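Here is a friendly briefing to read alongside the model. Please keep the sequence and the 3D view open as you go.

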Amino acid sequence: MDQDLDRALDAVGPRLRDLRRQRETTLAELSTVTGISVSTLSRLESGARRPTLEQLLPLARAHGVTLDELVDAPPTGDPRVHMRPVTNHGMTMLPLTRRAGGIQAFKIIIPGDDRRREPNPQIHEGYEWLYILNGRLRLVLGDQDLIMSPGEAAEFDTRVPHWFGPAGRESVEFLSLFGKQGERAHLRARPKSQG
């Protein structure tokens, strides 16, 4: 059993380096996100230092992988994937992909609302693809104001100011795919009105 643990811990360093390179992240950037010093990260990646649980948890979070994936834990026999939904700005996003970098996929649910939501278009790097599952989605894209129904899809450059929300009182469910640049924070496309 100790040999299995030794092998797993020895393999973490190269896996950390590969994940960081796939995400095109520097040691300094990773240090800022995790709070682990650059020198410690370098020693972890080279295998000169063994990781602790306190180091593995923020590293797994920063790379968007589970702790099991990071240490290459043996399979448990349970094929189910347990993704955790995230609720932000009234939207519930369920991640459908777990690997760092590349295309990210989400199922997004936005509850319906009696109030008319005022669009606040945003921009970020990348491309996004939307596919409507249930309900109707209002998509404001540049100077276009579109209503999308189940079975319809849209693809657009996210550097074009965009916003989406439910088209009425009913909730809307859709799939969203975007590249790694889409993970960057939104920037305001236009200033909020002073009032």
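Predicted model: local features only at pLDDT ≥ 70, side-chain atom pairs only at ≥ 80, totals over all residues.

Residues are numbered from 1 along each chain as its sequence is written, and side-chain values use heavy atoms, with hydrogens and water left out. Helices (H or I, at least four residues) and strands (E, at least two) are DSSP runs, numbered from the N terminus.

**Helix packing**

- Two packed helices are described by the angle between their axes and the distance between the axes. Here the axes are lines fitted to C-alpha atoms, for helices over the stretch in contact, and angles run from 0 to 180 degrees between N-to-C directions.
- Helix H2 (residues 27–34) packs on helix H3 (residues 38–46) at an angle of about 110°, and their axes are 9 Å apart. H2 is therefore roughly perpendicular to H3 (the term covers 65 to 115 degrees).
- H2 passes H3 in a right-handed crossing, meaning that the near helix is turned clockwise from the far one by less than a right angle.
- On the H2 side, Leu27, Ala28, Leu30, Ser31 and Thr34 meet Val38, Leu41, Ser42 and Glu45 of H3; contact means heavy atoms within 4.5 Å. By class, this contact of H2 with H3 has five nonpolar, three polar and one charged residues. Ala, Val, Leu, Ile, Met, Phe, Trp, Tyr, Cys and Pro count as nonpolar, Asp, Glu, Lys and Arg as charged, and the others, Gly among them, as polar.
- H2 also packs on helix H4 (residues 53–63), at an angle of about 115° and with the axes 10 Å apart. That makes H2 roughly perpendicular to H4.
- The crossing of H2 and H4 is right-handed. Leu30, Val33 and Thr34 in H2 meet Pro58, Leu59, Ala62 and His63 in H4, and by class the contact has five nonpolar, two polar and no charged residues.

**A buried arginine**

- Arg20 lies in helix H1 (residues 2–22). Its relative accessible area is 12%, so Arg20 is buried (under 20% relative accessible area, with a 1.4 Å probe and protein chains only).
- Leaving aside residues up to four places away in sequence, Arg20 touches Thr25, Thr26, Leu27, Leu30, Glu45 and His63.

**Strand S6 and its partners**

- Strand S6 (residues 137–141) is largely enclosed by the rest of the structure, because five of its five residues are buried. Leu137, Leu139 and Leu141 lie on one side, with Arg138 and Val140 on the other.
- S6 pairs with strand S7 (residues 144–148) in the antiparallel sense over five bridges; two strands pair if DSSP finds at least two bridges between them. Arg138 stands opposite Ile147 in S7.
- The hairpin of S6 and S7 has two residues between the strands, and Gly142 takes a positive phi near 60° there.
- S6 and strand S9 (residues 162–166) also pair in the antiparallel sense, over five bridges. The bridge partner of Arg138 in S9 is Gly165.

**Strand S5 and its partners**

- Strand S5 (residues 127–134) runs antiparallel to strand S8 (residues 153–157), and five bridges join them. Tyr127 stands opposite Asp157 in S8.
- S5 also pairs with strand S10 (residues 172–178) in the antiparallel sense, over six bridges. Ile132 stands opposite Phe174 in S10.

Definitions and conventions. Buried < 20%, exposed > 50% of the residue type's maximum accessible area, 1.4 Å probe, protein only. Parallel < 35°, antiparallel > 145°, perpendicular 65-115°, else oblique.
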